[in-house]
Amino acid sequence: IYLRLLRDALPEWEILGWPDAAEAADAVTHVAAWGAPPGFFARFPHLQVVFNLGAGVDSLLQRDDLAASVRIVRLLDAGMAQQMTEYCLYGLLHYQRAMDIYRRQQQAEQWTPRDARRANNLRVSILGLGELGQRVAGDLSGMGYVVQGWSRRARQIEGVDCRHGEAGLDQLLMETDVLFCLLPATQDTRHLLDARRLALLPEGAAIINGGRGSLIDEDALLALLDGESLRFAMLDVFAVEPLPSGHPFWKHPRVIITPHVAADTVPADAVAQIAANLRKHAARLPMDGGVDRLLGY
Ligand code: NAP
Ligand code: GLV
């Protein structure tokens, strides 16, 4: 589908699919890819730009076949932000409307209504206020939830209590009912939610991870779930994907697993961005979504 969409959007460019690109490797200057096999990029000696067909660039930055001179450009939203709001909202409603508890009651044939929890009494915290996080924050705040957000630099989002830097994180965790992780996987965010920080969450809080598995120390998370101090975790991303067979998350009564599907790239949106960026690059203008290799996102 990308080949057709790119050819339609960029009639003035020669767009090659696979394996034609391998035949003409010397002439290739720009590549759009996701999950390319190891060594793939090394065959293009004149490669200038890699367009990542997703938001997260962690796996691209770990490769050894991309020269430092190659620019990496990622997608901004590209239809993913709305889907991430939907994913987060699903988990939030699961918590707010006590679906986890009613499931257990159903299994025990138990009819016990609980007091409803009001949105304006539910503290939602979002780690990462980028393309996805800020959209989720704004949408949930618009629905009446008490929304707090956290990022590296100071941010301002209407209706959202924005905090930043390491100092702001501990306090935020202590004041959270449902925690959303929408950070990129970088050196700085690896195991950001370690045993100490996870333990700051109030008793009965829930975690929803739509960012990357490396953000959370999974053993520490398991221990809190086993000890029932966390109500549940809804996890779309894992340290190892696919989640290995027999992993304790699979059958854990307090874990909801989805197979890395929280937000998929919408090809038409992606191609529109790539086309605009290609034209900018050809005109020596800055492209949107350029990745800072040192920061890792
Ligand atoms: P983005 O626009 O680059 O935003 C990243 C956010 O994280 C920014 O707010 C940034 O802070 C913050 N951040 C980065 N490093 C930090 C640190 N050390 N401390 C505190 N905050 C930090 O990324 P995005 O497009 O929103 O996507 C976020 C991530 O979601 C992606 O990297 C990817 O891993 C994941 N994702 C998952 C799926 C899925 O299906 N599960 C789909 C798409 C994306 P600043 O605002 O200060 O820069
Ligand atoms: C998906 O996980 C993405 O980063 O786009």
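The model is predicted, with pLDDT of at least 70 needed for local features and 80 or more for side-chain atom pairs, while totals for chains, interfaces and linings use all residues. Residues count from 1 along each chain as its sequence is written, chains are lettered from A and ligands numbered from 1 in the order in which they are written, and side-chain values use heavy atoms, without hydrogens and water.

**Ligand 1**

The shell has 29 residues, and R74, R153, R155, D236 and Y297 come nearest. Now show the polar contacts, which are pairs of N or O atoms within 3.5 Å; within protein, one atom must be able to donate a hydrogen and the other to accept it, and residues adjacent in sequence count only if both atoms are side-chain atoms. At R74, a polar side-chain atom is 2.7 Å from a ligand 1 oxygen atom. On its own, ligand 1 has 940 Å² of accessible area, of which the protein covers 95%. Such areas come from the Shrake-Rupley method with a 1.4 Å probe; for residues, only the protein chains shown count as cover.

Colour by element next. Those giving two or more residues to the ligand 1 shell are α4, α6 and β5 (146–151). Helices (H or I, at least four residues) and strands (E, at least two) are DSSP runs, numbered from the N terminus. By class, the shell divides into 13 nonpolar, eight polar and eight charged residues. Here Ala, Val, Leu, Ile, Met, Phe, Trp, Tyr, Cys and Pro are nonpolar, Asp, Glu, Lys and Arg are charged, and the others, Gly among them, are polar.

**Ligand 2**

Move to ligand 2, which has W34, G54, A55, G56, M80, R212 and H260 around it. Three of these residues are nonpolar, three polar and one charged. Backbone N or O atoms approach ligand 2 oxygen atoms at A55, at 2.7 Å, and at G56, at 2.7 Å. From R212, a polar side-chain atom lies 2.8 Å from an oxygen atom of ligand 2. Alone, ligand 2 exposes 190 Å², and the protein buries 87% of that.

**Helix pairs**

Select α4 (residues 80–96) with α6 (residues 131–142): the two helices pack at about 55°, with axes 9 Å apart. Axes are lines fitted to C-alpha atoms, for helices over the stretch in contact, and angles run from 0 to 180 degrees between N-to-C directions. That makes α4 oblique to α6; angles under 35 degrees count as roughly parallel, over 145 as roughly antiparallel, 65 to 115 as roughly perpendicular and the rest as oblique. The α4 and α6 crossing is right-handed (the near helix is turned clockwise from the far one by less than a right angle; anticlockwise is left-handed).

Then select α1 (residues 2–9) and α10 (residues 267–282), which pack at about 45° with axes 10 Å apart. α1 and α10 are therefore oblique to each other, and their crossing is right-handed.

**Backbone exceptions**

Go to P19, in the loop between α1 and α2 (20–23). The W18 to P19 peptide bond is cis, with omega near 15°. A cis bond also joins E241 to P242, with omega near -5°; P242 sits in the loop between β9 (230–235) and β10 (255–257). End at E109, in the loop between α5 (99–107) and β4 (123–127). E109 is not a glycine, yet has a positive phi of about 50°.

Methods: A residue is near a molecule or strand if one of its heavy atoms lies within 4 Å of it.
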